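Here is a protein model to work through by question and answer. Please keep the sequence and the coordinates open as you read.

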Amino acid sequence: MRLSWSLNSFASLIVLALIRPTFAAVPPTSTVGSGNPTATISAPDATLCNGSALTKFKFFGVNESGAEFGDTAIPGTLGKDYTWPSPSSIDYFTGQGFNTFRVPFKVERLSPLSGGLTGSFDQTYLNGLKTACDTIIVNYITNKGGYAIIDPHNYMRYNGAVITSTSSFQSWWTKLANEFKSNSKVIFDIMNEPHDIDAKAVFDLNQAAVNGIRASGATSQLILVEGTAWTGAWSWQSSGNAAVFSAIKDPNNNIAIEMHQYLDSDSSGTSATCVSSTVGAERLQVATAWLKANNLKGFLGEMGAGSNSQCIEAIKGAICAMQTSGVWIGFTWWAAGPWWGTYFQSIEPPSGPSISQVLPQALKPFV
């Protein structure tokens with residue numbers, strides 16, 4: 001989800017306009033072998049998915065947004081321009097049976113402009129991502145037995161420019177993975193929603209990052225790769241991702257393709273109106289077939305929709321399609337986070353708009 005925040009105080013927290021493209025491509029994932037997570041096959045439930053047997057996701061959860069806010073305030077001020085997710089939100093969702101939390105962050109805050117992409121990390125921001133004071137993020141999640149997805153939420157850009165150097169990007173990921181290599185419950189999400197970049201160039205950057213992560217000694221963690229065109233499922237073929245991402249390689253055979261999919265008319269996630277009650281399953285159909293044909297696994301890193309009957313049916317249809325396919329291993333809803341306010345897709349407890357209907361009707365039945 002593309003967003004930009006600039007907040008003057010907690011009292012004036014508002015969600016700025018969310019802008020998403022009119023298409024999102026879905027990236028393929030590399031084969032998941034013995035090092036990959038397994039899923040649980042549940043007995044048929046006549047009230048769910050027409051009674052089909054479901055392969056429950058190994059990873060089911062929410063995006064915990066906030067540390068990536070404030071695009072125009074770099075490095076920005078904690079508590080004014082950006083924030084870290086709340087441990088109480090993690091507690092709430094683990095209590096609901098969720099086990100996976102995608103944590104977006106801003107690359108320019110971790111790698112200050114003064115040193116560039118290959119320079120030293122900002123230790124204060126890094127500690128915020130790992131564990132700091134009362135804001136305990138990755139370590140808090142994993143100490144509770146959950147999985148923490150670390151997500152550079154930069155659209156394959158740094159300081160406003162497209163990242164083009166595979167060697168610099170590989171070096172950056174080698175250094176970041178080194179910080180988490182002893183924690184097997186961390187998941188590495190290479191880069192959120194690259195866009196307006198050739199699919200082959202995005203593939204090459206992803207492959208370089210995979211190589212760098214494994215070179216760091218981080219050998220037990222799942223890696224998620226994302227394609228161009230906002231890594232959307234419905235345009236996975238037309239974007240060019242399908243033609244290149246089947247070649248993704250991981251020496252540890254523990255990689256998946258992360259795709260995003262929204263259910264409004266332009267697949268942007270900016271409208272609470274869904275196209276139809278079947279649009280979720282329909283927009284995943286081609287991507288699912290591609291995953292099967294290439295013996296790859298998928299992870300739906302973002303999906304969101306309105307709290308109305310048509311959208312709830314569309315969400316359920318999408319999850320049914322994934323859990324009956326055998327190729328999707330996880331899903332995280334967009335989004336939780338303490339600064340969303342009344343944003344229609346917010347699932348931040350206790351009263352985010354998606355809490356009252358979407359959570360009990362469309363998400364929890366599939367946990």
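**Questions on the model**

Q: Where is Asn-253 found?
A: This is a predicted model. Asn-253 has a positive phi of about 55 degrees, although it is not a glycine. Its place in the chain is the loop between helix H7 (241-244) and E10.

Q: Is Asn-253 buried, partly exposed or exposed?
A: Buried means under 20% relative accessible area, and exposed means over 50%. Asn-253 has a relative accessible area of 26%, so the residue is partly exposed.

Q: Where is the place of Asn-295?
A: Most residues other than glycine have a negative phi. Asn-295 has a positive phi, near 55 degrees. Asn-295 sits in the loop between H8 and E11.

Q: What is the mean pLDDT of the protein?
A: Of the residues, 86% reach 70 or more. The mean pLDDT of the protein is 89.

Q: Which element has the lowest mean pLDDT, and which the highest?
A: The highest mean, 99, belongs to strand E9 (residues 223-226). The lowest mean is 57, in E1.

Q: What should helix H9 span, and how far apart are its end C-alpha atoms?
A: Helix H9 (residues 309-323) has 15 residues. At 1.5 Å a residue, the helix should span 21 Å. The end C-alpha atoms agree with this: they are 21 Å apart.

Q: Which elements do the buried residues of H9 pack against?
A: The buried residues of H9 include Cys-311, Ile-315, Ala-318 and Cys-320. Their partners among the strands are E2 (54-56), E3 (59-64), E11 (298-302) and E12 (328-336). The helices in the list are H8 (279-293) and H10 (358-363).

Q: How many disulfides does the structure hold, and what pattern do they follow?
A: A disulfide is a covalent bond between the sulfur atoms of two cysteines. The structure holds 2 disulfides. With bonded cysteines counted along the chain, the pattern is 1-4, 2-3.

Q: How many residues apart in sequence are the parts that Cys-49 and Cys-320 tie together?
A: The sulfur atoms of Cys-49 and Cys-320 are 1.9 Å apart, and the pair forms a disulfide. Cys-49 lies in the loop between strand E1 (40-42) and E2, and Cys-320 lies in helix H9, so the pair ties together parts that are 271 residues apart.

Q: Is the disulfide of Cys-49 and Cys-320 left-handed or right-handed?
A: Both cysteines are buried. The torsion about their S-S bond is about -85 degrees, so the disulfide is left-handed.

Q: Is the link of Cys-274 and Cys-311 left-handed or right-handed?
A: These cysteines form a disulfide with sulfur atoms 2.1 Å apart. Cys-274 is in the loop between strand E10 (255-260) and H8, while Cys-311 is in helix H9, 37 residues apart. The angle about the S-S bond is 115 degrees, and the link is right-handed.

Q: How many residues of the largest nonpolar core come from H9?
A: The largest nonpolar core has 100 residues. Among those with the most contacts inside it are Ile-150, Trp-172, Phe-188 and Ile-315. H9 gives this core its largest share, 8 residues.

Q: Which residues does Phe-169 touch beyond four places in sequence?
A: Phe-169 is among the residues with the most contacts inside the largest core. Leaving out residues up to four places away, Phe-169 touches Leu-117, Met-156, Ile-163, Ile-190, Met-191, Leu-205 and Ala-209.

Q: Where is the residue that a cis peptide bond joins to Trp-334?
A: Most peptide bonds are trans. The bond that joins Trp-334 and Ala-335 is cis, with omega about 0 degrees. Ala-335 is in strand E12.

Q: Which backbone oxygen does the side chain of Arg-109 reach?
A: Arg-109 is in helix H2 (residues 107-110). At 3% relative accessibility, Arg-109 counts as buried. The C-alpha atoms of Arg-109 and Pro-75 are separated by 5.2 Å. At 2.5 Å, the side chain of Arg-109 reaches the backbone oxygen of Pro-75.

How values were computed
Residues numbered from 1 in each chain as written. Predicted model: local features only at pLDDT ≥ 70, side-chain atom pairs only at ≥ 80, totals over all residues. Heavy atoms only, no water. Helix = DSSP H or I, 4+ residues; strand = E, 2+ residues; numbered from the N terminus. Expected span 1.5 Å × (residues − 1). Buried < 20%, exposed > 50% of the residue type's maximum accessible area, 1.4 Å probe, protein only. Contact = heavy atoms within 4.5 Å. Disulfide = S-S within 2.5 Å. pLDDT = per-residue confidence, 0-100. Core = buried A, V, L, I, M, F, W, Y, C linked by side-chain atoms within 4.5 Å. Polar contact = N/O pair within 3.5 Å; in protein donor to acceptor, adjacent residues only side chain to side chain.
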